[in-house]
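Hi,

Here is the structure I promised to pass on. Have a look, and my notes follow below.

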Amino acid sequence: MSFVVSGSNVIPFVGQVDAEELTEWMSALSSLMPGERLVPFSDLTDEEKLSAEIAIVANPHPDEIAKLPNLIWIHSVWAGVERMVAEFKDSSFDIVRLIDPELSRTMAEAVLSWSLYLHRDMPAYLHQQKNREWKARPYKKASQKTVGILGLGSLGATAANTLFEAGFKVAGWSRSNKELSGIQTYAGPKGLKTIFSKSDILVCLLPLTGETRGLINRDLLTLMPDRAGIINFGRGPIINKIDFLGALETGVLSHAVLDVFETEPLPEDDAFWDQPNVTVLPHISAPTDIQTASEIVAGNINNFRATGELPQIVNRGRGY
Ligand SMILES: NC(=O)c1ccc[n+]([C@@H]2O[C@H](COP(=O)([O-])OP(=O)(O)OC[C@H]3O[C@@H](n4cnc5c(N)ncnc54)[C@H](OP(=O)(O)O)[C@@H]3O)[C@@H](O)[C@H]2O)c1
């Protein structure tokens, strides 16, 4: 391939992306790192595989990573890392994930859009139109509704601020205590019950870890206000699916917007497709922007070459 640029250090690009996307990544990254030799994994020589200390990865195949035995760290171009944490649990290299303000902005835009969708009863009006039903539904102001955010990290904190600026009451929940202007924050198991009990709309922006798997369960869902809505933009298995379908069928939840699922693409026979009060999205809430992500990745690698300092690494013990 013709992406290899002159430079002394080999950086493999290891990913399961199609040829067009690979071209985009290679061209954006190469132009930002003139001192590096960026090479798609399939074009590496055996000698280059041995010499690589850093790899840029996009959903990498573990067999390919295993062929790079001298890696010090890998930089993912995605934000979620649960697969890599599981697949590379015995590897000695560090994992760096994408933290990109543009990704946070895109996610906050999606959170605001779908929160407004639920807030303004759009699913109900869609249903009414199908039945040719002309009926105004009661209106409550945004300032009378609380949107709760599970996860106040780089995505959740930005989304919380965006919702606050749009006029909602906003509450947030994280592992450690946080202070965010205008946002009511909670932490730990007790705070979790509180945020469920006060959220008219609940947005999940948690990572998938041993602690968050199945976290959204029947006990918590029954604490929510009447006809609450849920948006899951984190990861599918954070929801206990049986409990969740039960809450949708019995009307404990009025509507759910789901962008992430245990199996993706969502299988044709999955129950979520047929659920009238579920909006299924094909994992589109915050796509990585290749240009801004490349700038972040290149900045981190250039800094490492200059100073020997790694960017913030994934905490394997916590799983995110
Ligand atoms: N649908 C999409 O298109 C899309 C796109 C990108 C990312 N995502 C998902 O979004 C997730 C979040 O991304 P991010 O960049 O915001 O991650 P992040 O910066 O690591 O933030 C994670 C947040 O979750 C909190 N958290 C984690 N485990 C917890 C626990 N057991 N109890 C309470 N709080 C917990 C963390 O608390 P502390 O702050 O106290 O550590 C932090 O506030 C990703 O992991 C990925 O799964 C989805």
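Where is the place of Asp121? Asp121 is in the loop between α5 and α6 (helices are DSSP runs of H or I with at least four residues, strands are runs of E with at least two, both numbered from the N terminus).

Before the rest, some ground rules. This is a predicted model, where local features need pLDDT of at least 70 and side-chain atom pairs count only at pLDDT 80 or more, while totals for chains, interfaces and linings use all residues. Residues are numbered from 1 along each chain as its sequence is written, and side-chain values use heavy atoms, with hydrogens and water left out.

Most residues other than glycine have a negative phi, and most peptide bonds are trans. Asp121 has a positive phi, near 60°. Glu264 and Pro265 are joined by a cis peptide bond, with omega about -5°. Pro265 sits in the loop between β11 and α11 (271–274).

**The second largest pocket**

Asp121 turns up again here: with Ala124, Arg137, Arg227 and Ser254 it lies nearest the centre of the second largest pocket, which has 31 lining residues. (A pocket is an open set of points on a 1 Å grid over the protein atoms alone, where a 1.4 Å probe fits, with protein on both sides within 12 Å along at least five of seven lines; lining residues have an atom within 4 Å of a point.) The space in this pocket is about 900 Å³, taken as the volume filled by probe spheres set on the points, which are joined across faces, edges and corners. α6 gives the largest share of the lining, 7 residues. By class, the lining has 12 nonpolar, 8 polar and 11 charged residues (Ala, Val, Leu, Ile, Met, Phe, Trp, Tyr, Cys and Pro count as nonpolar, Asp, Glu, Lys and Arg as charged, the others, Gly among them, as polar).

**The ligand**

There are 28 residues around the ligand, and Ser154, Arg175, Ser176, Lys178 and Tyr320 come nearest (near means a heavy atom within 4 Å). The shell splits into 12 nonpolar, 10 polar and 6 charged residues. α7 (154–165) and β7 (169–174) each supply at least two of the shell residues.

For polar contacts (pairs of N or O atoms within 3.5 Å), a polar side-chain atom of Ser176 is 2.6 Å from a ligand oxygen. The side chain of Glu211 has an N or O atom 3.0 Å from a ligand nitrogen, and an N or O atom in the Ser285 side chain is 3.0 Å from a ligand nitrogen.

Cheers

Conventions. A polar contact is a pair of N or O atoms within 3.5 Å; within protein, one must be able to donate a hydrogen and the other to accept it, and residues adjacent in sequence count only if both atoms are side-chain atoms.
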